[in-house]
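Visitor: I have a fold to go through before my next run. Can you walk me through it, quickly?
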Amino acid sequence: MADYVGFAEVYDRFMDNVPYDEWAEYLINLLKKYGIHDGLICELGCGTGNMTERLFKAGYDMVGIDLSEEMLSIAHEKDPDNRILYLCQDMRNFELYGTVNAIVSVCDSMNYLLDIKDLIKVFKLANNYLEAGGYFIFDINPVGYYNSLGNEVIAENRENMSFIWENHFDEESHINEYDLTIYASDNIFNNEENVENVDPDSGEHEALFHRFDETHFQRGYTVDEIKLAIEQSGMEFVSCYEAFTDKEPSENKRTYFIAREKYQEGKKYI
């Protein structure tokens, strides 16, 4: 699982086209639809806290979990009063201090689990840490989404930063690999508008850019694979929707799943 070393500093800038407010509204509506109006929620793969912050502002007490210290550092900067508990943990082995009303995971964080066994392991942990009848709501990019990306190069060039995304999809394993090359100028890290360096020989002003290279792997899953993994974990499959709708899932668009905590022998219920 990648931990966004280097990319963490510019992640939010490159993701400024993501309609987080609309995504949060959809997620909050799902939570309320299944009776989660308040209480403690854990977000797995919280990244820089974009969704965590929005859920907190909607009235939920939040715990955010992510594997990347760099991403969590930025999340902490957005929360100087420490209203949100952020934990640096691998979701495959996450630990909480007690049970929570709901667990959520969005922005295809679950696709970073490349083995179905790891997926089941996370579902089992979710079942363990959810209160009686609590819900796990998460999204998944299906196989068809990655297949539509195929093997292509995506690039974006801005004034102070740019990236090159080289995508490779393996149809047999359903593993999607993308190699990222990021260039970001000094002013991104100094939070200044125009930082330039003077060439000592020519006397000309030149911007200094940093390069970061990362490789990320995600796996596409089918609806049936997710349903089976939920069942094998001991949780109860409730429903799934094409993202941001109440429609049946499609083959190439993000899908939201809802799973419910199921009674376990030996689990302490309050």
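Guide: Start with an open sheet of four strands, ordered β6-β7-β8-β11 and paired antiparallel. Keep in mind that this is a predicted model.

Visitor: Which strands sit at the edges there?
Guide: β6 (153-157) and β11 (209-219) are the edge strands. Each of them pairs on one side only.

Visitor: What does the twist average from one strand to the next?
Guide: The average is 10°.

Visitor: Over how many bridges do β7 and β8 pair?
Guide: β7 (residues 161-170) and β8 (residues 175-185) pair over 10 bridges, in the antiparallel sense.

Visitor: Okay, other sheets. What is the order of the seven strands?
Guide: The order is β3-β2-β1-β4-β5-β13-β12. This sheet is open too, and its pairing is mixed.

Visitor: Which strands stand at the edges of that one?
Guide: β3 and β12. Each has a single partner strand, so one side of each has no neighbour in the sheet. Ignoring direction, neighbouring strands are turned by 15° against each other on average.

Visitor: Parallel or antiparallel for β2 and β3?
Guide: Parallel, over four bridges, with β2 covering residues 61-66. Within that pairing, I65 has L87 in β3 as its bridge partner.

Visitor: Which helix packs on this sheet?
Guide: Helix α3 (residues 50-57) does. Helix α3 touches β1 (40-44), β2, β3 and β4. Its direction makes about 170° with that of β2.

Visitor: Zoom out. How many helices and strands in the protein?
Guide: Eight helices and 13 strands.

Visitor: And what share of the residues is buried?
Guide: 49% of the 270 residues. The accessible surface comes to about 13,700 Å², with 45% of it belonging to carbon and sulfur atoms.

Visitor: What about contact range?
Guide: Take the contacts between residues at least 6 apart in sequence. Of these, 66% join residues at least 24 apart.

Visitor: Switching to charges. How many salt bridges?
Guide: The count comes to 11. One of them joins D118 and R92, whose closest N and O atoms are 3.7 Å apart. D118 lies in helix α5 (residues 116-129), and R92 is in the loop between β3 (85-88) and β4 (100-105), so the pair ties together parts 26 residues apart in sequence.

Visitor: Why does D118 count as partly exposed?
Guide: Because its relative accessibility is 21%, and buried means under 20%. R92 is also partly exposed, with a relative accessible area of 24%.

Visitor: Buried or exposed for R254 and D139?
Guide: Both are buried. Their side chains meet in a salt bridge at 3.1 Å, N to O. This pair links distant parts of the chain, 115 residues apart. R254 is in the loop between β12 (236-242) and β13 (255-260), while D139 is in strand β5 (residues 130-140).

Visitor: What does K253 form a salt bridge with?
Guide: E242, with the closest N and O atoms 3.8 Å apart. K253 is in the loop between β12 and β13, E242 is in strand β12, and they are 11 residues apart. K253 is partly exposed at 45% relative accessible area. E242 counts as buried at 13%.

Visitor: Which residues do shared partners join into one network?
Guide: E53, D79 and R83, through their salt bridges.

Visitor: Last topic, rings. How many aromatic pairs?
Guide: A search of the whole structure finds 14. Among them, Y20 and W23 pair edge-to-face, 6.2 Å centre to centre with 70° between the planes. Y20 and W23 are three residues apart in helix α2 (residues 20-33), which means they are separated by about one helical turn. Y20 and W23 are buried.

Visitor: And Y26 with Y256, what are the numbers?
Guide: 5.0 Å centre to centre and 75° between the planes, edge-to-face. Y26 lies in helix α2 and Y256 in strand β13, so this pair ties together parts 230 residues apart in sequence. Both are buried.

Visitor: Which residues do ring pairs link into a cluster?
Guide: Y20, W23, Y26, F244 and Y256.

Methods
Residues are numbered from 1 along each chain as its sequence is written. This is a predicted model: local features need pLDDT of at least 70, side-chain atom pairs count only at pLDDT 80 or more; totals for chains, interfaces and linings use all residues. Side-chain values use heavy atoms; hydrogens and water are left out. Two strands pair if DSSP finds at least two bridges between them. Helices (H or I, at least four residues) and strands (E, at least two) are DSSP runs, numbered from the N terminus. Axes are lines fitted to C-alpha atoms, for helices over the stretch in contact, and angles run from 0 to 180 degrees between N-to-C directions. Buried means under 20% relative accessible area, exposed over 50%, partly exposed in between (1.4 Å probe, protein chains only). Contact means heavy atoms within 4.5 Å. Accessible areas come from the Shrake-Rupley method with a 1.4 Å probe; for residues, only the protein chains shown count as cover. A salt bridge is a side-chain nitrogen of Lys or Arg within 4 Å of a carboxyl oxygen of Asp or Glu. Rings of Phe, Tyr and Trp (its six-membered ring) pair if their centres lie within 6.5 Å; planes under 30 degrees apart count as stacked, over 60 as edge-to-face and the rest as tilted.
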